[in-house]
Amino acid sequence: MRHLLSTKDLTRDEAIAILDVAEDMADVAGREIKKLPALRGKTVVNLFFEDSTRTRISFEAAAKRLSADVINFSAKGSSVSKGESLKDTAQTLAAMGADAVVVRHQASGAPSVLAESGWIDAGIVNAGDGTHEHPTQALLDAFTIRRRLHGAAARGRDLDGVSVTVVGDILHSRVARSNVWLLTTLGARVHLVAPATLVPIGISDWPVTVGYDLDAAIAAKPDVVMMLRIQAERMHAAFFPNAREYARQWGLDDERLALLPAASLVMHPGPMNRGLEISAKAADSPQSTVLEQVANGVSIRMAVLYLLLSGAAGL
Amino acid sequence: MTARLVLQSADITRALTRISHEILESNRGASDLVLLGIPTRGVVLARRIGEILDSIEPGSGTVGFLDVTMYRDDLAKNPTRAPSPTQIPSGGIDGKTVVLVDDVLYSGRTIRAALDALNDIGRPRAVRLAALVDRGHRELPIRADFVGKNLPTAASERINVHLVEVDGVDEVTIEGSES
């Protein structure tokens, strides 16, 4: 694997291979010495043009557990705020000898530009670009579902027949997009639920079903309910009347939680707006996988960095 | 290319039985023994030795497996390798006598990686090495304590170990360059 830019171009076998390597990485987290020497001497740059805490520290923890050196670069307080272009930033990182660059950018497609421009030779990992994709989030979600369903026998399995309902701001959500492509590639059935104003144009081409009523979706007893964060920073127009209205119609509150089958998983990519898209009771219930998703995120990112960086170049 | 048969099924079983007795003898019994197979075929061999140990002294065949992929010194020179799972027996390895089991001992680099991997998992009382075939050509100061068969080879030759559990047949062959 040279880059990880999107989940759309991952095949089923490639996706399963990443999840299987992540299983081995997860085993390391249970040991007294949580470190592997596989990427000794490699340099991973976290290039973050957008605020992020959990994704950045997750990548940082992953790189450090593989013994790589980590450089954190956030646009705030850097040369970017003085007007440096993406090209100059990339060439600067290349000159410093970066082996992989983990990019988060507010513009969709920025990681692909870095990967294809020739400005830098490093492997590029998309850590979220605009409203396009967030592939490692989708991989960790798939990993979390697979582990909960199959436990220790998860290796080599896909998500055939698993029903996943994704609820919330589909329009702006890169998490939703990455999950739609990955989960359907792995054989899951994906159903999207959102206010009509937050459903993107062209969704009829996606391999999903779409609904507007959360109660109907819950009555269908999905195996997984994935709540998306209401991203106030991307909302530049009135997509719904107010927060209370949204919570009433599309929030996973205590009543809806009670109607959900006990075996169904409640997922959220974090950070959560408790009381808005998810109630505190739902977030803290045994069905909730929120903290597992965080722990699994480190394993997935270790797997991705390992697959990107460990082999000889060009093989 | 011709493949010459060196060990047949019965030879392999005899060698493993002898190795099992040697392990018990050098350990002065079966206490605190942990067999760790190195994937892929080392795991199969470790399981078989574990079964033989169990039949000699019940309860002595504690078997696990140890993946060394992440500890190899040639990671950056080869295509990306997918790691295999590691499973350490529930009792851990601290204070135990660990016997590493591999199919072919060659350069010794796999065993060096295994020693590094063990270091991250715990502190065994002693580490021993069992190999079905020792073909020579060591590149590191490493030797086996228990050897099924010493096979002097040329570096250009290939040793193929086939085991029923993985390959459907038990045999060891040498593939030679005709020179």
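The questions below cover the domains, core, chain contact and backbone of a predicted model.

Residues count from 1 along each chain as its sequence is written, and chains are lettered from A and ligands numbered from 1 in the order in which they are written. In this predicted model local features need pLDDT of at least 70, and side-chain atom pairs count only at pLDDT 80 or more, while totals for chains, interfaces and linings use all residues.

Q: How far apart are the C-alpha centres of domain 1 and domain 2 of chain A?
A: Domain 1 of chain A covers 12-133 + 295-309, and domain 2 covers 135-289. These bounds come from an automatic or database domain assignment. The C-alpha centres of the two domains of chain A are separated by 25 Å.

Q: Which element gives the largest share of the side of domain 1 of chain A that touches domain 2 of chain A?
A: The contact takes 22 residues from domain 1 of chain A and 20 residues from domain 2 of chain A; contact means C-beta atoms, placed from the backbone, within 7 Å. On the domain 1 side, helix 1 (12-29), strand 4 (123-129) and helix 11 of chain A each give two or more residues. Helices (H or I, at least four residues) and strands (E, at least two) are DSSP runs, numbered from the N terminus. The largest share, eight residues, comes from helix 1 of chain A.

Q: Is helix 11 of chain A largely enclosed or largely open?
A: Helix 11 of chain A (residues 290-309) reaches 29 Å from its first C-alpha to its last, close to the expected 28 Å; the expected span is 1.5 Å times one less than the number of residues. Buried means 20 or more other C-beta atoms within 10 Å of the residue's own, exposed 12 or fewer, and partly exposed in between, with C-beta atoms placed from the backbone. In helix 11 of chain A, 16 of the 20 residues are buried, so the helix is largely enclosed.

Q: Where does helix 11 of chain A bend by about 25 degrees?
A: The bend is the angle between axes fitted to the seven residues ending at a residue and the seven starting there. For helix 11 of chain A, the bend of about 25 degrees is at N296(A).

Q: Which residues touch the most other members of the largest nonpolar core?
A: A nonpolar core is a set of buried Ala, Val, Leu, Ile, Met, Phe, Trp, Tyr and Cys residues joined through C-beta atoms within 7 Å. Of the 142 residues in the largest one, the most other members are touched by V101(A) and L305(A). Its largest share, eleven residues, comes from helix 11 of chain A. Beyond four places in sequence, the contacts of V101(A) include V45(A), L47(A) and L93(A), and the two residues asked for are V101(A) and L305(A).

Q: How many residues does chain B give to the contact with chain A?
A: On the chain A side, the largest share, five residues, comes from helix 1 of chain A. Chain A gives 16 residues to the contact, and chain B gives 15.

Q: What is omega at the cis peptide bond that joins G270(A) and P271(A)?
A: P271(A) sits in the loop between strand 9 (265-267) and helix 10 (280-284) of chain A. Most peptide bonds are trans. The bond that joins G270(A) and P271(A) is cis, with omega about -10 degrees.

Q: Why does R28(B) count as exposed?
A: R28(B) lies in the loop between helix 1 (9-26) and strand 2 of chain B. Phi of R28(B) is positive, about 55 degrees, although R28(B) is not a glycine. R28(B) is exposed because its other C-beta atoms within 10 Å number 8.

Note on methods: Contact = placed C-beta atoms within 7 Å.
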